[in-house]
Amino acid sequence: MDAPHSPYAVPPAPAPVPPLPPRGRLRRLASPGLTLAAAGLAFAYVGTVDPNEPGHYPVCPLFRLTGILCPGCGGLRSAHAFAHGDLITALGANALAVVGYFVFAGFMILWLVRAGRGGPTPRFALRRPHWWAVGVLALVFVVVRNLPFGTALAP
C-alpha cells in the first residue's frame, strides 16, 4: 500500500542533463565576435555621421516634449566623441553612457575569453539590491543633470 501523499515530501531529483557536445573554437567565438562586430559597426556609423549636425538623428521625444534630459540624452554625441578618442567631450555629453561603454567592453572581453576557452557565457547575475542601486544612480544622474548646478552633466 502506498503512503499517503504529503505536502512536505521531497520531489524526485530531475534526470541529469547530458553534456553538450564539444563545439569548435570558431563556432564558440561566433556569438561574441558577431556582437562585437555589430557594436563596432554602430560606433563606426555614429563616428562617421556627426550627431551634432541637425537632421541625421531624431531628437529625444522626452526632451522635445518636456525639455527634460533623459539618461540617454547626449548619448549619440558621447558615442561620436568616444569613437574619435575624445574621452573628455564624451564624458561631457553623457558620462553615464561612457560608463556603459566601459562596462560593455569589459563584458565583451570576458565573453571572448570564456568562449575561447570553452567556458560558459557570462551573465549579469546582479541581485535585486544591485539593480536598485543602478536604477537609483540613473535617477540621481537624471535629476542632477536637469538642475542648475548640474549643467556640467548636461550635453
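User: In this predicted model, which residue with a positive phi follows H3?

Analyst: The model discussed here is a predicted one. Helix H3 spans residues 75-83, and the residue with a positive phi, near 80°, that follows H3 is glycine 85.

User: Which residues of H3 are buried, and what covers them?

Analyst: Buried here means under 20% relative accessible area, and within H3 that description applies to Gly75, Ser78, Ala79, His80 and Ala81. What covers these buried residues of H3 includes helix H1 (25-48), helix H4 (87-93) and helix H5 (95-117).

User: Which residues make the contact of H1 with H3, and how many of them are nonpolar, polar and charged?

Analyst: On the side of H1 the contact is made by Phe43, Val46 and Gly47, while H3 contributes Leu76, Ala79, His80, Phe82 and Ala83. Sorted by class, the contact of H1 with H3 has 6 nonpolar, 2 polar and no charged residues.

User: Is leucine 87 buried or partly exposed, and which residues does leucine 87 touch?

Analyst: Leucine 87 lies in helix H4, and because its relative accessibility is 37%, leucine 87 counts as partly exposed. The C-alpha atoms of leucine 87 and valine 98, which stand 11 residues apart along the chain, are separated by 8.3 Å. Leaving aside residues up to four places away in sequence, leucine 87 touches Phe82, Val98 and Phe102.

User: How much space lies in the largest pocket, and which helix gives the most to its lining?

Analyst: The largest pocket holds about 430 Å³ of space, and of the 19 residues that line this pocket, the closest to its centre are Pro58, Val59, Cys60, Gly74 and Arg77. By class, the lining has 12 nonpolar, 5 polar and 2 charged residues. The helix that gives the most to the lining, with 3 residues, is H3.

User: How many helices and strands are there in the protein, and what pattern does the protein follow along the sequence?

Analyst: Of the 155 residues of the protein, 22% count as buried. The protein has 6 helices and 0 strands, and read along the sequence its pattern is α-α-α-α-α-α.

Conventions: Residues numbered from 1 in each chain as written. Predicted model: local features only at pLDDT ≥ 70, side-chain atom pairs only at ≥ 80, totals over all residues. Heavy atoms only, no water. 1 Å grid on protein atoms, 1.4 Å probe; cavity = no way out; pocket = protein on both sides within 12 Å on 5 of 7 lines; lining within 4 Å. Points joined across faces, edges and corners; volume = space filled by probe spheres on them. Helix = DSSP H or I, 4+ residues; strand = E, 2+ residues; numbered from the N terminus. Nonpolar A, V, L, I, M, F, W, Y, C, P; charged D, E, K, R; others polar. Buried < 20%, exposed > 50% of the residue type's maximum accessible area, 1.4 Å probe, protein only. Contact = heavy atoms within 4.5 Å.
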